[in-house]
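Dear colleague,

I am handing over the structure that we discussed, and my notes on it follow below. Please read them with the coordinates open.

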Amino acid sequence: WPKSIPQVSRCAEERNMLSFPELKGPYKVGQCDCLWKEAEGDGRKLVVRLFYPADEDEWKAGKAASWLPSTYGTGAISYAQAYAKALSGPGINGALIGALGFQPLMSSVRVPTKEDIEISNALPEFDPVVFCHGLTASRSCHSATCMDLASHGRLVVAIEFSDGSAAVNILPDQTVNQYKHAPKREEIPAKQRRIPGGFAPSLSPQNQSKPVSQYDFRNGQLQQRIQELRFVADCLERLNEGTEGTTIQLPEKLQGQLKGRLAMSRLSSVGHSFGACTNISACQEDKRFKATVAHDIWLFPSNNQMARASLTCPTLFLSADTFDNLWPDEGRRMVDGLLLRSHRAGTDAVDVHVQGTRHQNFSDFPVLVPQLLVAFGASGPTDPRASMATINALTRSFLDHHLHAAPDPASQVVGWLGRAVQAVAGAQVMGLGALAGGEESRPSGVYHAWTVPEELADLVNLQVLDEERKAQAEEQVKMGLFTYDPLIKAKARRSSAAEIPEEVAELEGEKMAG
């Protein structure tokens, strides 16, 4: 690598780095950042990024948009620096990496979107999609997926959560919410508070914070995220009704353009990791969401109710090859249980693993610096841009099937049977025992089942539950078991003759899934 930043940027351009592939949809894409508030004053407020279809002439005349979010003159660290600090932990190293490395490079990222332009007049209405990010991310980190959905005619709202899970959260009104670091321990120790106005630790009990379990901390964040996601659904309803007032802000060219044009009966959600957990949890509470796609879901923050539930809307679990590393044993058991109960209840739920991918392949970073992340092992061995194209195509296919395809009575099949037939037809399957499971193992629900498009079948592993996995799915999930804690890992090794899978060891040098 060249040593100077300008040389690095030129080298990156030559290697087709720090830019996104050309969008494949029929529409150009506009982008804008907005502040949405519950009410004037101290109510709930969120900054969101909208991606939406735009007409060619409007797009050509528009101003190039930025990938990195603005800090709005707050004097806070930039998002690039925040990414570095969140990934490397608090301290001087993260700040230096951010200031000297991430900031110059990420400022050079080019996106094929234009800022604050008019929405397309070629479409009478738009399907609204809400995208939820995971830990250490932001409203910009999944632009590849959001832009792809918008280029195919959808209006996408990328939330930036204010619960401390974003790398940093800076609002246009200059509110700053920093990322909340948590050590990899089952119990997060209390922070010592100083004597007011002094440097020595306070010994007064009322001045001391209390330790909190990792589960309570993350579940608390999840509850806030669910409410913020539902708040965005409220805002979309008000925009569609034309009753947004002054609290739901839009750029001038979009004001009044969404009234009556949001197909709220086809509202859906997509999310990655902690964001995927947020999606399926919110869908259990809010029936306005008609379909959801969970990208490599991290289920640790969920509760017992979710662990015993069946899904309430069609759900695609779209995961990496390394999914079982995210929450070893318990995460797999919980997904299998959700699949089994949902099939019995007549809700389409599918689990597909994208070959050659890892957790970060669902974000923008492997797309922007593919060679670097593959070399460091943060991306799977498959070309990251090819992986992203597969992820986006599967996401669109599932949403199109359940939100747009008119159910043909002749094609309505028991979902279990439909995917079993596809398994025999050639999709790569994890376990064929389900094919001989007998009538008692089949669900009673009948629904319009989605299947992996034929052209993508060789790129994925379609998960079908064999008898062993069905039995494990019926077992109780150990909610709150924080399998990242080295002490818990050691205890598990001592109490069981079977070692934890070798893949878990890879997580020692990685950040907690999110």
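Why is helix 3 (residues 79–88) largely enclosed by the rest of the structure? The reason is that 7 of its 10 residues are buried, where buried means under 20% relative accessible area with a 1.4 Å probe, protein chains only, and helices are DSSP runs of H or I with at least four residues, numbered from the N terminus. The buried positions are Tyr79, Ala80, Gln81, Ala82, Tyr83, Ala84 and Ala86.

Please bear in mind that this is a predicted model, in which local features need pLDDT of at least 70 and side-chain atom pairs count only at pLDDT 80 or more, whereas totals for chains, interfaces and linings use all residues. Residues are numbered from 1 along each chain as its sequence is written, and side-chain values use heavy atoms, with hydrogens and water left out.

A search of the whole structure for disulfides, meaning pairs of cysteine sulfur atoms within 2.5 Å, finds 0. For Cys32, the nearest cysteine sulfur is that of Cys34, 3.7 Å away. Cys32 is buried at 2% relative accessible area, and Cys235 is buried at 1%.

Finally, Arg154 is buried at 4% relative accessibility, and its side chain makes a polar contact (N or O atoms within 3.5 Å, one able to donate a hydrogen and the other to accept it within protein, with residues adjacent in sequence counting only if both atoms are side-chain atoms) with the side chain of Asp400, at 2.8 Å.

Best regards

Definitions and conventions:
Buried < 20%, exposed > 50% of the residue type's maximum accessible area, 1.4 Å probe, protein only. Helix = DSSP H or I, 4+ residues; strand = E, 2+ residues; numbered from the N terminus.
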